[in-house]
Amino acid sequence: MRYLKRKGVPPSNALDDRLLRVFEVGTIIHRFLQEVLRRRDVLIAEEFLVEDEHRRGHIDALVRIDGRTILYDFKTVSAQRLATLETPSRNYLFQIVTYAELLPIPVDDLRIAFIEKDSLGVVEFSVLETCDYAALREEVAEDWRMLIDAWERKCPPVPDPATVGVECPWCVYRDYCAKVPEFSPNPIVQSPSSEAGEYKGGC
């Protein structure tokens, strides 16, 4: 998706009304959490762009608590999803590590906060406590090296087996990929049934 979006390929699949509603609910909850952090006087920055020549992202919240600077990424999920959540997905981890790499200042922790849509209950994961951070950073760096190399060679990247069938069901390029030999083994998939906005990595 990152390669095709940067190339300017028109999406082959539109987001349906259900997904648009899910995204809007997520935006509302994000703003609520940012306001809570602001009232607690710990919010340093919110909803700002970080980017370099090849990468771009939007930071949900940067906070300062007990002298520590913490990068937050918010994820809105259903009660069922929250109840079965054990660890953040690979793509969530890659996403927040990329954001941290793009930040102009160092941070003391990276946290992914999952917010249940009905009760607003929150479960947090510290990336530094959950993962081997050095190894994770290297994985993320290699992922971007592969993608940037593909872009510079003007050659579609090889689909990542770890994301095929995971990101694909809601991707706006799923029909496009199914018809392009360079993107096989991407499967032809049906409309998404998982949480919207859950995956942002992959091809």
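Which residues lie nearest the centre of the second largest pocket? In this predicted model, they are Leu-33, Val-36, Leu-37, Arg-40 and Glu-124, out of a lining of 14 residues.

**The second largest pocket**

The space in the second largest pocket comes to about 250 Å³. Its lining draws at least two residues from each of helix H2 (17-39), strand S3 (68-77), S4 and S5. Helix H2 is the main contributor, giving 4 residues, the most to this lining.

**Aromatic pairs**

A pair of aromatic rings is described by the distance of the centres and the angle of the planes. The count for this model is 4 aromatic pairs. In one of them, Tyr-72 and Phe-74, the ring centres are 6.0 Å apart and the planes meet at 35°, so the pair is tilted. An angle under 30 degrees would have counted as stacked, and one over 60 as edge-to-face. Both partners are shielded: Tyr-72 is buried at 6% relative accessibility, and Phe-74 is buried with a relative accessible area of 5%.

The rings of Phe-114 and Phe-125 have centres 5.8 Å apart, and their planes stand at 90°, so this pair is edge-to-face. Phe-114 belongs to strand S4 (residues 109-116) and Phe-125 to strand S5 (residues 122-126), so the pair ties together parts that are 11 residues apart in sequence. Phe-114 and Phe-125 are both buried. Ring pairs also bring in Tyr-92, which forms a cluster with Phe-114 and Phe-125.

**Charges over rings**

Arg-55 lies over the face of Trp-144, 5.9 Å from the ring centre. The charged end of Lys-154 sits over the ring of Trp-151, at 3.8 Å from its centre.

Gly-57 is part of strand S2 (residues 56-65). What does Gly-57 contact, leaving aside its neighbours within four places in sequence? Its contacts are Phe-48, Leu-49, Val-50 and Tyr-99. The C-alpha atom of Gly-57 is 8.4 Å from that of Leu-102, although 45 residues separate the two along the chain. Gly-57 has 5% relative accessibility, so it counts as buried.

Asp-143 is located in helix H6 (residues 133-153). Is Asp-143 buried or exposed? Its relative accessibility is 10%, so Asp-143 counts as buried, the cut-off being under 20%. Not counting residues up to four places away in sequence, Asp-143 touches Arg-2 and Phe-94.

**Cysteines**

A disulfide is a covalent bond between the sulfur atoms of two cysteines. How many disulfides does a search of the whole structure find? The search returns 0 disulfides. Cys-131 has a relative accessible area of 22% and is therefore partly exposed. Cys-171, at 7% relative accessibility, counts as buried.

**Accessibility values**

The table collects the relative accessibility of several residues discussed above.

| Residue | Relative accessibility | Class |
|---|---|---|
| Tyr-72 | 6% | buried |
| Phe-74 | 5% | buried |
| Gly-57 | 5% | buried |
| Asp-143 | 10% | buried |
| Cys-131 | 22% | partly exposed |
| Cys-171 | 7% | buried |

Definitions and conventions. Residues numbered from 1 in each chain as written. Predicted model: local features only at pLDDT ≥ 70, side-chain atom pairs only at ≥ 80, totals over all residues. Heavy atoms only, no water. Phe/Tyr/Trp six-rings, centres within 6.5 Å; stacked < 30°, edge-to-face > 60°. Buried < 20%, exposed > 50% of the residue type's maximum accessible area, 1.4 Å probe, protein only. Lys NZ or Arg CZ within 6 Å of the ring centre and 35° of its normal. Contact = heavy atoms within 4.5 Å. Disulfide = S-S within 2.5 Å. 1 Å grid on protein atoms, 1.4 Å probe; cavity = no way out; pocket = protein on both sides within 12 Å on 5 of 7 lines; lining within 4 Å. Points joined across faces, edges and corners; volume = space filled by probe spheres on them.
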